[in-house]
Amino acid sequence: MKYYNLKHSEEKVDFRTAAIKGQGKDKGLFFPENLPLFNEEFIQNLHQYSDEEIAYQCMKDFVGDEIPSEVLRKIVAETISFEIPLIKINDEISVLELFHGPTLAFKDIGAGFMSRCLSYFLENQQKKVTVLVATSGDTGGAVAHGFYNLPGIDVVILYPKNRVSPVQEKQLTALGKNIYALEVNGSFDDCQSLVKQAFSNEEINNTLFLTSANSINIARWLPQQIYYLLALKQWQQRENKIPVICVPSGNFGNICAGILAHLRGLPAEHFIAACNANDVIPEYLKTRAFNPKDAVPTLSNAMDVGDPSNFVRILELFNNEFDSLKNTISGYSTDDQETMHTITKVYNKYHYILDPHSAVAFTSLEQYLKENPGKKGFILGTAHPVKFPDAVEKAIKTKIEIPQSLEALMKKEKKTIEINSDFEELKRFLLNKN
């Protein structure tokens with residue numbers, strides 16, 4: 001499998017190179033040269049396969065012979081080594097709980113796969129590797145955990161000051177050792193812009209072996225297909241309708257992976273991009289006008305993105321044909337007030353606790369099902385409610401129990417370096433951190 005640069009299609013690389021480089025020339029994202037289709041018998045009989053075999057079948061064609069099959073099988077098994085259950089909330093809406101991993105967020109899957117692939121590829125690398133990543137909340141913790149204490153690899157995480165939850169902040173700032181957290185005076189979009197500038201800076205790249213861990217990296221983006229297959233496996237065993245799939249969407253890597261799986265043969269009635277007040281894509285789907293804007297802070301902070309990087313991949317999947325894209329995806333926007341109302345309503349009526357991101361998805365799917373009666377679907381539960389205690393406890397008027405795995409972490413000291421949204425400050429840090 002080859003991957004081409006979406007900005008310079010003549011630049012083609014293998015999986016190893018794309019995973020290590022993160023981006024191509026002029027910050028272009030890599031994209032698979034072809035989409036390997038799922039075998040129809042495989043899709044219709046997912047219940048006959050183990051989760052590990054499903055994950056392996058999902059990823060093998062994208063990796064090719066660059067990772068031996070026995071090593072890839074081990075990587076995918078470790079990547080999904082925790083429960084990923086599909087839970088029924090009511091007769092029409094279920095939730096795929098993706099928050100049972102080590103950092104209680106869906107990004108444990110992508111970050112876990114990517115960190116294991118990079119560890120394999122960089123095993124004999126002489127030059128120290130720097131993984132550079134921007135986070136709006138959960139990416140940082142998942143990446144920090146995935147690379148923590150690995151020899152020869154430093155991780156530098158940029159996150160927006162005062163715009164992540166206390167649990168999220170501790171998960172990316174309390175580890176120390178080879179994990180460096182930079183607290184940026186700005187938004188997630190500012191953090192993402194700084195990261196992109198670093199990747200295109202000649203001096204930094206001549207000095208450091210730089211790679212990315214954001215969802216722009218194919219090794220983090222592609223494995224997210226796996227849990228759509230695992231959801232379908234569970235769905236098929238209890239439902240006879242094809243599901244509508246609703247995804248909390250910020251940088252659009254997650255829903256893009258789901259659509260990719262769908263175009264490979266995963267049955268889906270429709271996809272919904274559930275957004276908060278940062279509604280660039282819902283507006284695009286209404287008007288055909290793509291107008292990036294400054295992100296505004298919300299309760300569902302991981303979705304506070306005003307210029308989603310991965311949307312260019314979605315456009316590529318549909319050959320930039322708006323009508324085809326519109327037939328597959330709808331976009332909804334939900335404000336904080338409605339988010340809080342939904343958390344309260346779902347808890348009181350169904351005794352299920354949603355985090356703010358999942359609440360945005362529930363609201364969106366509920367609205368779509370009202371407009372399209374007779375359909376059913378599921379949302380992606382992308383983070384554990386305990387990561388957003390202020391909003392959730394206010395909404396349900398009940399204290400959330402802190403999982404045992406978090407208790408020790410919350411007592412650790414926060415270790416950060418504060419910087420402005422100034423590339424020269426980031427550059428100085430990167431060149432002088434060792």
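**View 1. The protein is divided into two domains, domain 1 (85-104 + 220-396) and domain 2 (129-207 + 403-433).** These bounds come from an automatic or database domain assignment. The C-alpha centres of domain 1 and domain 2 lie 26 Å apart. This is a predicted model, in which local features need pLDDT of at least 70, side-chain atom pairs count only at pLDDT 80 or more, and totals for chains, interfaces and linings use all residues. Residues are numbered from 1 along each chain as its sequence is written, and side-chain values use heavy atoms, with hydrogens and water left out.

**View 2. Here is the interface of domain 1 and domain 2, where about 1600 Å² is buried.** Buried area is the accessible area (1.4 Å probe) that two parts lose on being put together, summed over both. Carbon and sulfur atoms carry 50% of it. In domain 1, Thr-103, Asn-301 and Lys-387 lose the most area to domain 2, together 33% of what that side buries. In contact (heavy atoms within 4.5 Å) are 22 residues of domain 1 and 19 residues of domain 2.

View 3. Between the two domains, the count of salt bridges is zero (a side-chain nitrogen of Lys or Arg within 4 Å of a carboxyl oxygen of Asp or Glu).
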